[in-house]
Amino acid sequence: MKGTMMKTSKITTLLLTSVITALLILNGCSLEITPAAPENNSAPASTSGGNLRVVFLDVGQGASQLIISPSGKTMLIDAKNNDKEELMLQFMEQYGITKLDTVIGTHPDADHIGGLDAVINHIPVGSIYMPKAQANTKTFESVLRAVKNAKLKVQTAKAGISWEMDDQVHVDMLAPRKSYDDSNNMSAVVKITYGRTSFLLTGDAESDSERDMLDAGSDLQADVMLVGHHGSKSSTTLAFLKRVRPKYAVIQVGEGNTYGHPKSVILNRLKQQGVKVYRNDLQGTIEAESNGQKVTFRTER
């Protein structure tokens, strides 16, 4: 009985199709069969397909890193200067960022936090970290105003803080270890570990902060290192570099900058240690991607 009903149903379907086709032909129309739309299983733009992505955004003479975890959790470290606010928002749109789980302003210098107010004003933020370093500037005040308007509370960026970005990505804050007169040494230094790979993001930390991390026995080893202070000779001491032992280094620096960054002594030091160097001024935005076993790079140019 069941087989007969199925056969009857097929015959009925064929007859209906034939009738519809004939009517369309009589009316000078053609029959177009449109397949059912497939289910949309594609991941949102902000997820990273099972890999960790660390994007060194090309923001000219300044710094900004966007981190996207395998599960799509997001973190923004620094956001360049005031004149790059629109560019920062364009980057957020380009990478499909509709929420930032964590924001870190490494230190109060304008070339690191200048665009943070625009980002906070336009994108929901889960938490924000900044060191206990003040700056009597409109840029710093603007960031604090944006934080207040977003009803956020600044958490102190300092050594000893750690958290899980997701169940596979671990974040450690290694500096600042104490208070310094120089705001560069107050920079939050962040290590991100995914599987067997790791990234060390150093802000503008200089030799004093580097020495304190070394003396404290901090686990500094990393596959990828953001060169401190845009390649200034005040950072990336040989002792620090030997402890980190990076395979790759990224220098966030603007083309033709007036500071002469990166300094030749730092480039030579990296070369002597066998470190492959990527630079924003030469290659545009640089994206490092880790599958937990190895790191691969893509560059804008």
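Modeller: The side chain of K191 comes to 2.8 Å from the backbone oxygen of Q221. Keep in mind that this is a predicted model.

Biologist: What makes the approach of the K191 side chain to the backbone oxygen of Q221 a polar contact?

Modeller: The cut-off for a pair of N or O atoms is 3.5 Å. The K191 side chain and the Q221 oxygen are 2.8 Å apart, so the pair falls within 3.5 Å and counts.

Biologist: Where does K191 sit, and what else does K191 touch?

Modeller: K191 belongs to strand β9. Leaving out residues up to four places away in sequence, K191 touches H170, V171, D172, L174, S198, F199, L200, D219, L220 and Q221.

Biologist: Why is K191 called buried?

Modeller: Buried means under 20% relative accessible area. K191 has a relative accessibility of 6%, which is under 20%, so K191 is buried.

Biologist: How do you know whether I77 is buried or exposed?

Modeller: By the same test. I77 has a relative accessible area of 1%, under the 20% limit, so I77 is buried. I77 is in strand β3, residues 74-77.

Biologist: Which residues surround I77, apart from those within four places in sequence?

Modeller: I77 is in contact with S64, Q65, I67, I104, T106, V190 and L201. As for V103, I77 is 26 residues from V103 in sequence, while their C-alpha atoms are 5.9 Å apart.

Biologist: How much of the chain's contact comes from residues 24 or more positions apart?

Modeller: Such pairs account for 64% of the contacts with a separation of 6 or more. The chain itself has 9 helices and 15 strands, and buried residues make up 50% of its 301 residues.

Biologist: What makes a group of residues a nonpolar core?

Modeller: The members are buried nonpolar residues joined through side-chain atoms within 4.5 Å. The largest such core has 29 residues, and F56, I67, M75, I104 and I192 touch the most other members. Strands that each supply at least two residues of this core include β1 (52-56), β3, β8, β9 and β10 (197-201). Apart from this core lies another, of 27 residues, among them V55, V59, I68 and Y95.

Biologist: Which residues of helix α6 are buried?

Modeller: In α6, residues 207-215, they are S209, E210, D212, M213 and L214. The buried residues of α6 pack against β8 (169-175), β9 (189-194) and α7 (238-244). Take S209: its relative accessibility is 1%, under 20%, so S209 counts as buried. Beyond four places in sequence, S209 is in contact with A175, Y180 and N185. Just after α6, G217 has a positive phi of about 75°.

Biologist: Which residues line the largest pocket?

Modeller: The lining consists of Q61, K80, N81, D109, D111, D204, H229, H230, Y259 and H261. The space in this pocket is about 150 Å³.

Biologist: How many residues of that lining are nonpolar, polar and charged?

Modeller: There is 1 nonpolar residue, with 5 polar and 4 charged. Tyr counts as nonpolar, so Y259 is placed in that class. Asp and Lys count as charged, so K80, D109, D111 and D204 are the charged residues.

Notes:
Residues are numbered from 1 along each chain as its sequence is written. This is a predicted model: local features need pLDDT of at least 70, side-chain atom pairs count only at pLDDT 80 or more; totals for chains, interfaces and linings use all residues. Side-chain values use heavy atoms; hydrogens and water are left out. On a 1 Å grid over the protein atoms alone, a cavity is a set of points where a 1.4 Å probe fits but cannot get out, and a pocket is an open set with protein on both sides within 12 Å along at least five of seven lines; lining residues have an atom within 4 Å of a point. Grid points are joined across faces, edges and corners, and a volume is the space filled by probe spheres set on the points. Buried means under 20% relative accessible area, exposed over 50%, partly exposed in between (1.4 Å probe, protein chains only). Helices (H or I, at least four residues) and strands (E, at least two) are DSSP runs, numbered from the N terminus. Contact means heavy atoms within 4.5 Å. A polar contact is a pair of N or O atoms within 3.5 Å; within protein, one must be able to donate a hydrogen and the other to accept it, and residues adjacent in sequence count only if both atoms are side-chain atoms.
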